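Thank you all for coming. I would like to walk you through one structure this morning, starting with the whole chain and then turning to a few individual residues.

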Amino acid sequence: MMYLRPRNRALQPRPATLGAAQDFVARTYAVAVGTEPVPLPEAEGRVLSADIVAATDLPRFDAAAMDGYAIRRADLADNAETPLRVIDRSAAGHPSGAPLESGQATRIFTGAMIPAGADLVLMQEDCRRDGDVITVPAGHGSRRNVRRKGEDVSAGTTVMQRGDRLTGARLALASALHLSALPVYRRLRVTLFSSGDELRTAGETMGTGQIGDANRPMLRSLLAGMGCDVVDRGILRDDAETQIAALMDAAAESDLIVTSGGASVGEEDHLTRVIRRRGHLEVWRLKIKPGKPVGLGDIDDCPILALPGNPVAAAMNCLMLGTPLVAALSGARDLFPRTLRLPLAVAIAKRAGRWEALLGHYVHAPSQPTGVAPEAKTGSAMLSALAAADGFIVLPEPIEQAQPGDLVDFVPLR
């Protein structure tokens, strides 16, 4: 593992803002996984571990951009019709073997290789054909209609970079370059826990004062969406020895541990003290809402992210801090969650000096740009609002009032 524990932590300024916390993550953590080649069909969502350099041009040859006739521009008369004799046919995958000479044309179809001697493709509707002769009216031939060799990608060009996440479009490019496998980082192994005696997994008997564990299914989905292999290790009960044993086991086989609940500073928040027995944990009280307390550190040199127990706060912190942490550990260059810039549909007021994120949904209206509006229910434990929301409306520290039509950042949940 290449996790970089900062030296002289006591001398490190403790982050107070989300931006400072994200900067801390970017400075502190490095790639924690090895590399492997994967077949192209299995590479979607993976992170490249090396640059991809094109070994060939794209297109690989001059090709027709439409159906028509391959001809020589020099044969066309400026102010008169031009008769040309059709000598051959060129289709995609079945090129003509006959080079063009003066006064000749080749019937050609989209994607087919341009025959030697030709330098433009005349659209079939721009000429008349009678038997083996086509007649080109005066004034045509101004458009080349040829996809030139290498105009998309030149051989030797770096087309993808180490740290790029492989999308369907990038896989299409790799396939066009005739690559059968790609070098990628191994998926980050993440062990997931919830913490608290009050929690019960779905299907377990529910007693008085107990609640269903909402966080693990949600966090498992978010982490899997970041490209992680997630191992759900269940609920950590409020017993120090049980917790330390479970965390030590997880640290031995994981690249990252993510927990929710029990990492604040209350009397019943045992997880903080347990982690510090085997490593280090900083509990930051960030100037954010929701989810002020969030923990980040290590146990037996395995990084650990301790999220708040309230579901909305856990989701928000997982997106805003978990995304850069996972990206840094897994070698990805997309260090921040995907963010859209959209107009507000309603006015919002907040306290100046604090970064806030509100659950929100898209607002669609005919002939209007897509906007966003906050959910009616607020509060970091509102699961119905979380389930209905499309993402978080982000309001940075300086903002006190945002008016309808103002552009705001929107971080999608999906």
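How many positive and how many negative side chains does the protein have, and how far apart do the centres of the two sets lie? There are 46 positive and 48 negative side chains, and the centres of these two sets lie 3 Å apart. Please keep in mind throughout that what you see is a predicted model.

Let me turn to the overall architecture. The secondary structure consists of 7 helices and 28 strands. The radius of gyration is 30 Å, whereas the globule rule gives 22 Å for 414 residues, and the protein is therefore more spread out than a compact globule. Along the principal axes, the C-alpha atoms occupy a box of roughly 95 × 50 × 45 Å. Of the 414 residues, 46% count as buried, and the accessible surface comes to about 19,800 Å², with 50% of that belonging to carbon and sulfur atoms. If we take the contacts between residues at least 6 apart in sequence, 70% of them join residues that are at least 24 apart.

Next, the cysteines, which I expect some of you will ask about. A disulfide is a covalent bond between the sulfur atoms of two cysteines. The count of disulfides in this model comes to 0, using a cut-off of 2.5 Å between the sulfur atoms. For C228, the closest cysteine sulfur is that of C318, and because the separation is 8.5 Å, the two are too far apart for a bond. C302 has its closest cysteine sulfur in C228, at 12 Å, which is again too far for a bond. Both of the cysteines I started from are buried, C228 with a relative accessibility of 7% and C302 with a relative accessible area of 1%.

I would now like to look at how particular residues are placed. P15 sits in the segment before α1, which spans residues 18–28, and P15 is buried, at 7% relative accessible area. Although P15 and L286 are 271 residues apart in sequence, their C-alpha atoms are 7.0 Å apart in space. Setting aside neighbours within four places in sequence, P15 is in contact with A20, A21, F24, W284 and L286.

L358 belongs to strand β24, residues 355–363. Its C-alpha atom is separated by 31 Å from that of R273, which is 85 residues away along the chain. Not counting residues up to four places away in sequence, L358 touches I348, P374, G391, F392, I393 and L395.

Finally, some points about the backbone. Where do we find cis peptide bonds? One joins L58 and P59, with omega about -10 degrees, and P59 lies in the loop between β2 and β3. Another joins K289 and P290, with omega about 0 degrees, and P290 lies in the loop between β19 and β20.

There are also residues other than glycine with a positive phi, including N145, where the value is near 55 degrees, and H178, where it is about 65 degrees. N145 is in the loop between β9 and β10, while H178 is in the loop between α2 and β12. Are these two buried or exposed? N145 counts as buried, at 11% relative accessibility, whereas H178 counts as exposed, at 74%.

Technical notes: Residues numbered from 1 in each chain as written. Predicted model: local features only at pLDDT ≥ 70, side-chain atom pairs only at ≥ 80, totals over all residues. Heavy atoms only, no water. Helix = DSSP H or I, 4+ residues; strand = E, 2+ residues; numbered from the N terminus. Rg over C-alpha atoms; globule rule 2.2 N^0.38 Å. Buried < 20%, exposed > 50% of the residue type's maximum accessible area, 1.4 Å probe, protein only. Contact = heavy atoms within 4.5 Å. Areas by Shrake-Rupley, 256 points an atom, 1.4 Å probe, with all protein chains shown as cover. Lys, Arg positive; Asp, Glu negative; His and termini not counted. Charge placed at Lys NZ, Arg CZ, Asp CG, Glu CD.
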